[in-house]
Amino acid sequence: MPNTDNRYQIGAGFKAVIRRDLTSLWRNRSDIASPLVFFLISITLLPLGVDPSDKLLATIAPGMIWIMALLATLLSLDTLFRQDYDDGSLTQFILSPQPLYLTVLAKVIVHWLTTGLPLALIAPVLGVMLSLPSGGYWPLVLSLTIGTAIMSLIGAMGAALTVCLRSSALVLTLIIMPLYLPVLIIGANTVSSAVAGFGATQGLALLGAALALALLVMPLAAAGALRISSNH
Amino acid sequence: MIEFRFSSLTEFLQMGGHGIYVWSCAAIALVILTVLLVYPIITARSQLVRIQRQQAMQQERHQHARSSGP
Amino acid sequence: MAWQWFHRLGSPRWFYEKTSRWLVWFAPLTILLMLLGIGWGLGFAPIDSKQGDSYRIIFIHMPAAALALAGYYIMAIAGAVGLIWKMKLPFMVMKSAAPIGAALTILTLATGSLWGHPTWGTFWEWDARNIFMLVLLFLYAGIVVLAEVYPSRDAADKACAILALVGTINVPIIYKSVDWWYSLHQPASIKLTGGSSIHWSMLYPLLLCILAYYCFYTLALILYTRREILVREARTTWVVQLAQARLARGKGRPAEDAL
């Protein structure tokens, strides 16, 4: 009896966190829009800054779209735990019987649904603007879908470590950037190798493996970090 | 066998035309490694001095309190 | 008590007093080894047929690179020990290891680019090892900065330990991915160590340099940790007594006291 009861409660808590976060994000819709707007604007500025010739843009398109997606994700990380930390609900999460791992995972899923997934979905439009060759669209969307999920997971740890700092932006960037590097390398090269005709399965498989590892490790690290930053 | 590979000191300094690279590497290494050893020694010493001074001040305050007491 | 030695290892006072005795012979030994190793490499090792004398930079560069990488693991292991057994000393070791590792990484990058100019014709090449070292520098910088900005020392220690542990998982991934990227984009450039068979007359001085760098790392780590102990334990009786003993002995020999 207590076993099933417990499991029910855990599932309910997980769902409740997701529902609560989605609702509160819907109420401040502009927060969701800002990484997307950043993504769009920076990609629009790019040809103006370099050279609008098709050939050059097609070569740099996979890398540029990936870098801008990475920066957009980075921009949105600070909001991940900030509000919960300020209004004290973070302490409630830590004290609640629900495992902190699941709470963090729920928050990361919401973060990915509201930043990573939209970024991946509008990426083909930007691919057209940067004249990405036709073989690159599916790999771009798929690699960004998996890649942004990994970046949300890694970012959750960074955000958890820096949530108690007053000016966290620089520290967050510094500690997260090196960890993003493999994701960027694998993701961008998946797209370019697909464009070159070598297929994208190898890169996507690597990204999938990285996602599995990040799913295991990162919420755990983020949960530990939240415990530290909430009770100093 | 192990022997000195350069016939003169100037040749040793020139390193077959690569002297500037080799010796600037050696200079950078010397500076960085020396700093790594000297910095903790100096700061540890100043920390000890600080502790001493605080202790002396505390004792003075104690004595002062005792002498000014009734 | 089989575990007694382990718990004593966690005591800053035990560490400080023990290392005071070690340093007397360990510091001169390290400096001697450094001078011998680099002197042998720069003056007595044979000349390389392909690169000429510029290859001699390897005796300064390669051990620094090895220690910069090993230092990250030492730092992470110290952090893990501190987290698991809740001991004070390992956290101090971890915090001390970060600036040393960062300095060695900078040394590796600087000597590497000085070596790159005569061999590759450029100071900076987007070579797999170059990028990896640069990323390692960022990883170290993250730890150093995080340790500085955290409001409380206790929280800073634990936060740095978590970051270092996550970094440890990432270091091989970063290395592999950079290597993979490099193999996609660059044709193989000049191999710096041609072939695996290296003549003993070059290998022995290199091994001696590696040994010397390991000793140097240990020495620097001990010195930094001792400084950290003095800062953190400033209010304990034994440190206060230590400071007073130094005063009593007079200011004639301050260098020895600090060692």
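Visitor: Let's begin with chain B. How many helices and strands does its secondary structure come to?
Guide: Keep in mind that this is a predicted model. Chain B comes to 2 helices and 0 strands.

Visitor: How do I read the spread of chain B from its radius of gyration?
Guide: Compare the value with what the globule rule gives for a chain with that number of residues. Chain B has 70 residues, for which the rule gives 11 Å, but its radius of gyration is 27 Å, well over that, so chain B is more spread out than a compact globule. The box filled by its C-alpha atoms, taken along the principal axes, is roughly 85 × 25 × 15 Å.

Visitor: And what share of chain B counts as buried?
Guide: A residue counts as buried if 20 or more other C-beta atoms lie within 10 Å of its own. In chain B, 19% of the 70 residues pass that test. For chain C, with 259 residues, the buried part is 42%.

Visitor: What pattern does chain C follow along the sequence?
Guide: It reads α-α-α-α-α-α-α-α-α, with 9 helices and 0 strands. Look at the contacts in chain C with a separation of 6 or more: 77% of them join residues 24 or more positions apart.

Visitor: Now the interface. How many residues of chain C are in contact with chain B?
Guide: There are 40, and they meet 30 residues of chain B. Several helices of chain C supply at least two residues each to that side, including H2 (12-44) and H7 (200-232). H4(C) gives the largest share, 10 residues.

Conventions: Residues are numbered from 1 along each chain as its sequence is written. Chains are lettered from A and ligands numbered from 1 in the order in which they are written. This is a predicted model: local features need pLDDT of at least 70, side-chain atom pairs count only at pLDDT 80 or more; totals for chains, interfaces and linings use all residues. Helices (H or I, at least four residues) and strands (E, at least two) are DSSP runs, numbered from the N terminus. The radius of gyration is taken over C-alpha atoms; the globule rule is 2.2 Å times the number of residues to the power 0.38. A residue is buried if 20 or more other C-beta atoms lie within 10 Å of its own, exposed if 12 or fewer, and partly exposed in between; C-beta atoms are placed from the backbone. Two residues are in contact if their C-beta atoms, placed from the backbone, lie within 7 Å.
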